[in-house]
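Biologist: Hi! Could you walk me through this one before class?

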Amino acid sequence: MSEAQQPYLRIEDLTKHFGEFVAVRELSLEINGGEFVCFLGPSGCGKTTLLRAIAGLDPQTTGRITQNGQDISSLPPSERDFGIVFQSYALFPNLTVFQNIAYGLENQRVPKPEIRKRVVELLELVGLPEQTSKYPAQLSGGQQQRVALARALATSPGLLLLDEPLSALDARVRASLRQEIRALHQRLGITTILVTHDQEEALSMADRIVVMDHGSIEQVGTPEEIYSTPASPFVADFIGVMNFMEAEVVASGTIRVGETSLSCDTTNVSSGEKVRMTVRPEDLRCHTKTVDLPNGLPVHVDTLEFLGSFCRLKLKGPEGFSTLRADLSLQQVHQLKAAPDVPLTVEFPPDSLRLFPDIQ
């Protein structure tokens, strides 16, 4: 990441209206040079609208965008310094791979020998050196997306915009291309923004994630920060899998769920306050029923779901507890002899419990 004083891209109080509908509301964000940032959120949260505003394809209603120290708020797309890759590839079907990649360079009147050299370099970079004379229809989805990526990089833009570029591909190709794009970014150091609704994509690729909902930013942070310390119940629920329970703070360091008292950090929460307690399934520890623990709870296995490298247990507890999900390794499942109706003790590690105000 660049250590420059000024952020490479600065968005200030950006709002975008479509008629009466507010797609993005007074949003501000700074992105550093060389950073890989993901805009993550559910459909309709405003992430693609924000990307298109940055590109000038759907200009903002109000607000300011500065790129590399220049105010680009009112510039047309053709005068902005970016390359873009769409979900649908958007390749020209009547042009060969070579011609698709060369298109932007020809528009800039780059000499033909330089164009050829640049296209050959880019095809090597995206792993398609033998495909110059083929047409898009002769390529697989993954290959077409690589060509689209090479075309976006051809003019050496300062900013690369990726609008859900992998969502039309099958799971295996998606995972492979995800790694390739990340490796490409690390090699080129180009400032990159990826729009996605796929949390795994964001967690595995981004330097920072911008989680959005209803046209606003819920949280900005590293993948680890977003996952480990979500700033709101929405982020906690959207990223990964989370157990939620209604609770009440009964004293400093103690909450009560139903009739059960649990120890956890209650800093910034007053005694008597209603809260929502969260804990990740992988943070719950399961023991045989005979174990007596201070933060333990007697449960029984309701269902057991095999998920390849681990099993997800649904656990029924006493009154006041919603069904809990716990992720265990196959070895742990065998050791506990876990199966439907088997009684267990589930342990809530205090450091893994997070509290949010109950705003219902």
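**A chat about the chain**

Modeller: Of the contacts in the chain with a separation of 6 or more, 66% are between residues 24 or more positions apart. Contact here means heavy atoms within 4.5 Å.

Biologist: Where does the model come from, and how are residues numbered?

Modeller: It is a predicted model, where local features need pLDDT of at least 70, side-chain atom pairs count only at pLDDT 80 or more, and totals for chains, interfaces and linings use all residues. Residues are numbered from 1 along each chain as its sequence is written, and side-chain values use heavy atoms, with hydrogens and water left out.

Biologist: How many helices and strands are there in the chain?

Modeller: The chain has nine helices and 20 strands. Both are DSSP runs numbered from the N terminus: H or I with at least four residues for helices, E with at least two for strands. Taken along the principal axes, the C-alpha atoms fill a box of roughly 80 × 45 × 40 Å.

Biologist: And how much of the chain is buried?

Modeller: Of its 360 residues, 46% count as buried. Buried means under 20% relative accessible area, exposed over 50%, and partly exposed in between (1.4 Å probe, protein chains only).

Biologist: Let's do helices. At what angle do helix 4 and helix 5 cross?

Modeller: At roughly 20°, with the axes of helix 4 (residues 141–153) and helix 5 (residues 171–188) coming within 11 Å. Axes are lines fitted to C-alpha atoms, for helices over the stretch in contact, and angles run from 0 to 180 degrees between N-to-C directions. Helix 4 and helix 5 are therefore roughly parallel to each other. The cut-offs are under 35 degrees for roughly parallel, over 145 for roughly antiparallel, 65 to 115 for roughly perpendicular, and oblique for the rest.

Biologist: Which residues make the contact?

Modeller: Helix 4 brings Gly-142, Gln-145, Arg-146, Leu-149 and Leu-153. From helix 5 come Val-173, Ser-176, Leu-177, Glu-180, Ile-181, Leu-184 and Leu-188. By class, the contact of helix 4 with helix 5 has seven nonpolar, three polar and two charged residues.

Biologist: What about helix 2 and helix 3, how are they turned to each other?

Modeller: Helix 2 and helix 3 are oblique to each other. The axes of helix 2 (residues 97–107) and helix 3 (residues 112–125) cross at roughly 125° and come within 10 Å. Among the residues in that contact are Phe-98 and Ile-101 of helix 2 and Val-119 and Leu-122 of helix 3. The contact of helix 2 with helix 3 has nine nonpolar, no polar and three charged residues.

Biologist: Sheets next! What is the order of the six strands?

Modeller: That open sheet runs 6-7-8-3-9-10, with mixed pairing. Two strands pair if DSSP finds at least two bridges between them. Strand 6 (83–86) and strand 10 are the edge strands, each pairing on one side only. From one strand to the next, the twist averages 15°. Helix 4 packs on this sheet, touching strand 6 and strand 7 (159–163), and its direction makes about 165° with that of strand 6.

Biologist: Mixed how? In which sense do strand 3 and strand 9 pair?

Modeller: Strand 3 (residues 36–40) and strand 9 pair in the parallel sense over four bridges, and Cys-38 has Ile-209 in strand 9 as its bridge partner. Strand 9 (residues 208–213) also pairs with strand 10 (residues 216–221), in the antiparallel sense over five bridges. Val-210 stands opposite Val-220 in strand 10. In the hairpin of strand 9 and strand 10, with two residues between the strands, His-214 takes a positive phi near 50°.

Biologist: What order do the five strands of the other open sheet have?

Modeller: The order is 15-19-16-17-18, and the pairing is antiparallel. Its edge strands are strand 15 (285–288) and strand 18 (324–329), and its twist averages 50° from one strand to the next. Strand 17 (residues 310–316) pairs with strand 18 over six bridges, where Phe-310 has Ser-329 as its partner.

Biologist: Last one: which strand holds Val-301?

Modeller: Strand 16 (residues 296–306). Val-301 is buried, with a relative accessible area of 0%. Its contacts beyond four places in sequence include Leu-313, Leu-315, Pro-340 and Val-342.

Terms used:
Nonpolar A, V, L, I, M, F, W, Y, C, P; charged D, E, K, R; others polar.
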